[in-house]
Amino acid sequence: MTHEERPISETPESSRRRAEIAEGVAAVRARVAAACAAAGRDESEITLIAVTKTFPASDVRLLAGLGLTEVGENRDQEARPKAAECADLPLTWHFVGRLQTNKARAVAGYSDVIHSVDRSRLVSALSEAAVRADRTPRCLVQVSLDEEEQEGGRGGAVPDDVPRLADEIAAAGGLELGGVMAVAPLGADPLPAFTRLAAIAADLRGNHPDARIVSAGMSGDLEQAIACGATHLRVGTALLGGRRAIVR
Ligand SMILES: *Cc1c(COP(=O)(O)O)cnc(C)c1O
């Protein structure tokens, strides 16, 4: 033996980062476990998505090494190269950001779950793209829980439009209806908003029994989301630390 086997990419910096992320993952898993216990839910009902926006592909690789293979991104320009760089890993890619119709084709090419479907034109664009790419992304109807939706807000369909959009997704070629997604209104108690989302999700399951996904809960409000029946949490900061810039 002339040399020791060691991972070629391991440097002091990457092992420090691995430890940091492992700590974040452990802390979030503990919060999820406590919230599930408090809500009388089984942890197996919860899918934890690591929102890796602004963080490098190397962090996605470290997360995968720690068993976290559900990855979320919010901008195509950033997500597409990252997904390509991680193509050797068994990851599920979630697109969670506002989606322009002209990006539908690109996003349908690598996303497994698209959380931000909020208008008919986007349904048709995604459907066409998915068929062309021979893929079947799951689509969630993003619901706006803001009392008044402003221009340039965070997107989402008004609750009254959810049944129609859900029907459109379910009927569209190449798409599978997964359920609903929402972001709690900024600066307000998330519980009433998540409670409304739970009612909308229950209504949806009346017509589409397989559309069971309720994507809600981020670093600051995952406990409330779990209490209100969330199945998918989208967590960035609590896993990976602060983002340098929030790019919208
Ligand atoms: C960034 C982002 C998250 C994660 O937010 P954190 O507060 O960092 O956990 C969740 N959902 C969406 C839509 C996001 O853009």
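Which residues surround the ligand? In this predicted model, the ligand is surrounded by V51, K53, V96, M181, M218, S219, R234, V235, G236, T237 and R243, where a residue counts as near if one of its heavy atoms lies within 4 Å. Residues are numbered from 1 along each chain as its sequence is written, and side-chain values use heavy atoms, with hydrogens and water left out. Local features need pLDDT of at least 70 and side-chain atom pairs count only at pLDDT 80 or more, whereas totals for chains, interfaces and linings use all residues.

**Ligand site**

- The shell around the ligand divides into 5 nonpolar, 3 polar and 3 charged residues; Ala, Val, Leu, Ile, Met, Phe, Trp, Tyr, Cys and Pro count as nonpolar, Asp, Glu, Lys and Arg as charged, and the others, Gly among them, as polar.
- Oxygen atoms of the ligand lie 2.5 Å from a polar side-chain atom of S219 and 2.6 Å from a polar side-chain atom of K53.
- In the side chain of R243, an N or O atom is 2.8 Å from an oxygen atom of the ligand.
- Taken alone, the ligand exposes 390 Å², of which the protein buries 88% (Shrake-Rupley method, 1.4 Å probe).

**Overall form**

- The protein has 9 helices and 8 strands, taken as DSSP runs numbered from the N terminus (helices H or I, at least four residues; strands E, at least two).
- The radius of gyration of the protein is 18 Å, which agrees with the value near 18 Å for a compact globule of 248 residues; the radius is taken over C-alpha atoms, and the globule rule is 2.2 Å times the number of residues to the power 0.38.
- Along its principal axes, the C-alpha trace spans about 65 × 45 × 35 Å.

**Second largest pocket**

- This pocket has a volume of about 440 Å³; on a 1 Å grid over the protein atoms alone, a pocket is an open set of points with protein on both sides within 12 Å along at least five of seven lines.
- The lining comprises 17 residues (an atom within 4 Å of a point), and R17, P56, S58, D59 and L62 lie nearest the centre.
- Helix 1 (12-39) and helix 2 (57-65) are the elements that give two or more residues to this lining, and helix 2 gives the most, with 5.
- By class, the pocket lining holds 3 nonpolar, 6 polar and 8 charged residues.

**Cavities**

- The whole structure contains 2 cavities of 30 Å³ or more, a cavity being a set of grid points where a 1.4 Å probe fits but cannot get out.
- The second largest cavity holds about 30 Å³ of space, and its lining divides into 8 nonpolar residues, 1 polar and no charged.
- Helix 7 (residues 190-207) gives the most to this cavity lining, with 3 residues.

Note on methods. Grid points are joined across faces, edges and corners, and a volume is the space filled by probe spheres set on the points. A polar contact is a pair of N or O atoms within 3.5 Å; within protein, one must be able to donate a hydrogen and the other to accept it, and residues adjacent in sequence count only if both atoms are side-chain atoms.
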